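Here is a set of questions and answers for a first look at a structure. Each answer sets a value against a definition.

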Amino acid sequence: MGLPVDHAEAPRPHVVEDCRGVLQLLSDGTTVRSATPPPHTVEDRDDGRVEWTDAVYDAGRGVGVRMYRPRLLAQGQGKEWRLPVLAYFHGGGFCIGSYAWPTSHACCLRFADEIPAVVLSFDYRLAPEHRIPAAHEDAAAALLWLRDRLVAPSDSDEDGVHALLADSGADPGRLFVSGDSAGGNITHHMAARFRAEGLSPVRISGYVLLIPAFDSKTPTQSKLVTTGTAYLSRDLAERYSRLALPVGADKDHPLLNPLGPDSPSLEAVGGRMLVVVGGDDMLKDNQVRYVDQMKAVGNDVELVVFAGKEHGFFSRSPWSETGTEVVRVVGRFIHRDAADSA
């Protein structure tokens with residue numbers, strides 16, 4: 001007589017981690033991603049004043065870029081002008097986000113139209129499928145790709161990006177690297193890697209860190225007073241860290257905490273820098289301390305604090321009055337470079 005057969009079904013996988021309903025990690029290790037972004041209401045003001053197109057900058061890794069240029073300077077008119085170039089990396093805790101999300105798209109529309117600038121918004125591989133340093137590796141590859149297309153001769157312009165940038169008046173001598181939240185973190189590490197001269201013959205004229213994601217193992221006062229209803233709460237920040245950091249690492253990992261015990265000296269960071277901070281951001285204390293220590297080692301850093309604003313305040317409300325002020329602050333920083341060079 002045979003053994004009894006157990007017809008009971010195996011337990012179905014259940015959600016063990018959830019990031020804003022966009023990313024879910026299941027108990028069997030499966031990752032489930034939503035095709036739609038979180039339900040932030042961002043008004044569609046893509047009215048044609050800015051032209052944009054998508055391209056792939058690393059086919060092997062499956063990552064792309066969205067390129068923006070002011071319409072009035074498009075189709076060759078830009079040859080009579082020289083526009084700064086703004087490379088932008090989106091936020092999302094290294095786990096979610098895309099250049100195609102309405103939040104990122106609106107921010108870049110504003111930058112391109114109102115600074116004005118040629119803007120390139122880069123995607124990068126996301127955790128937990130690709131834990132950091134994957135995002136930072138992709139960002140470095142993106143900047144090297146951009147360098148080659150800013151200076152490439154026309155006869156080697158296989159993807160047409162060099163011609164597009166040239167026709168838009170993109171100035172290889174005025175590249176700015178920027179990012180929001182996780183993208184601001186990435187921007188710091190690009191400043192440490194490339195400084196001002198590391199993309200020669202392209203010149204990096206400055207770095208713009210918008211609400212950079214700098215965390216730490218030791219809780220700060222701004223973290224301790226953050227409520228569970230904040231846009232970036234302690235619980236959500238812990239979740240991002242668990243999913244994004246290398247397995248076994250803590251929040252003092254050098255890629256998450258540039259002031260950590262194992263982090264390289266900030267003397268290695270080069271280039272002018274603008275840091276924008278929300279006064280009610282959970283990460284504010286780490287961001288301000290970063291600026292203080294950058295200045296202490298002789299770096300040229302400007303700090304702008306938006307009182308009463310939480311993490312992600314610009315990308316969530318890019319068309320607001322506060323969003324207008326962020327664009328103005330970034331534009332002033334970029335145009336200060338032109339004035340200093342005159």
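Buried means under 20% relative accessible area, exposed means over 50%, and partly exposed lies in between (1.4 Å probe, protein chains only). This is a predicted model: local features need pLDDT of at least 70, side-chain atom pairs count only at pLDDT 80 or more, and totals for chains, interfaces and linings use all residues. Residues are numbered from 1 along each chain as its sequence is written, and side-chain values use heavy atoms, with hydrogens and water left out.

Q: What makes Phe 122 and Trp 145 an edge-to-face pair?
A: Rings of Phe, Tyr and Trp (its six-membered ring) pair if their centres lie within 6.5 Å; planes under 30 degrees apart count as stacked, over 60 as edge-to-face and the rest as tilted. The whole structure holds nine aromatic pairs. In the pair of Phe 122 and Trp 145, the centres are 6.1 Å apart and the planes make 90 degrees, so the pair is edge-to-face.

Q: Why does the pair of Phe 122 and Trp 145 tie together separate parts of the sequence?
A: Helices (H or I, at least four residues) and strands (E, at least two) are DSSP runs, numbered from the N terminus. Phe 122 belongs to strand β7 (residues 118-122) and Trp 145 to helix α2 (residues 134-151), so the pair ties together parts that are 23 residues apart in sequence. Both Phe 122 and Trp 145 are buried. Tyr 57, Phe 89, Phe 122 and Trp 145 form one aromatic cluster.

Q: Why is the pair of Phe 176 and Phe 333 called edge-to-face?
A: The ring centres of Phe 176 and Phe 333 are 6.1 Å apart and the planes stand at 70 degrees, so the pair is edge-to-face. Phe 176 lies in strand β8 (residues 170-180) and Phe 333 in helix α9 (residues 321-341), so this pair links parts that are 157 residues apart in sequence.

Q: How do you know whether Phe 176 and Phe 333 are buried or exposed?
A: Phe 176 has a relative accessible area of 0%, so Phe 176 is buried. Phe 333 has a value of 2%, so Phe 333 is buried.

Q: What makes the charged end of Arg 272 count as sitting over the ring of Phe 333?
A: A charge sits over a ring if NZ of Lys or CZ of Arg is within 6 Å of the ring centre and within 35 degrees of the ring normal. The charged end of Arg 272 sits over the ring of Phe 333, 4.1 Å from its centre. The charged end of Arg 316 sits over the ring of Tyr 231, 3.9 Å from its centre.

Q: How do you know what span is expected of α2?
A: The expected span of a helix is 1.5 Å times one less than its number of residues. Helix α2 has 18 residues and reaches 26 Å from its first C-alpha to its last, close to the expected 26 Å. Buried residues of α2 include Ala 139, Leu 143, Trp 145 and Leu 146.

Q: Why are β4 and β11 called edge strands of their sheet?
A: Two strands pair if DSSP finds at least two bridges between them. The open sheet of eight strands has the order β4-β5-β7-β6-β8-β9-β10-β11, with mixed pairing. β4 (50-58) and β11 (301-306) each have a single partner strand, so one side of each is left without a neighbour in the sheet.

Q: What makes β4 and β5 a pair?
A: Eight bridges join β4 to strand β5 (residues 63-70), and the two run antiparallel. Ala 55 has Val 65 in β5 as its bridge partner. Six bridges join β6 to β8, which run parallel. Here Tyr 88 stands opposite Ser 178 in β8.

Q: What makes β8 mostly covered?
A: Ten of the eleven residues of β8 are buried.

Q: How do you know that Ser 181 is buried, and what is its phi?
A: Ser 181 has a relative accessible area of 9%, so Ser 181 is buried. Its phi is positive, about 60 degrees, although Ser 181 is not a glycine. Ser 181 is found in the loop between β8 and α4.
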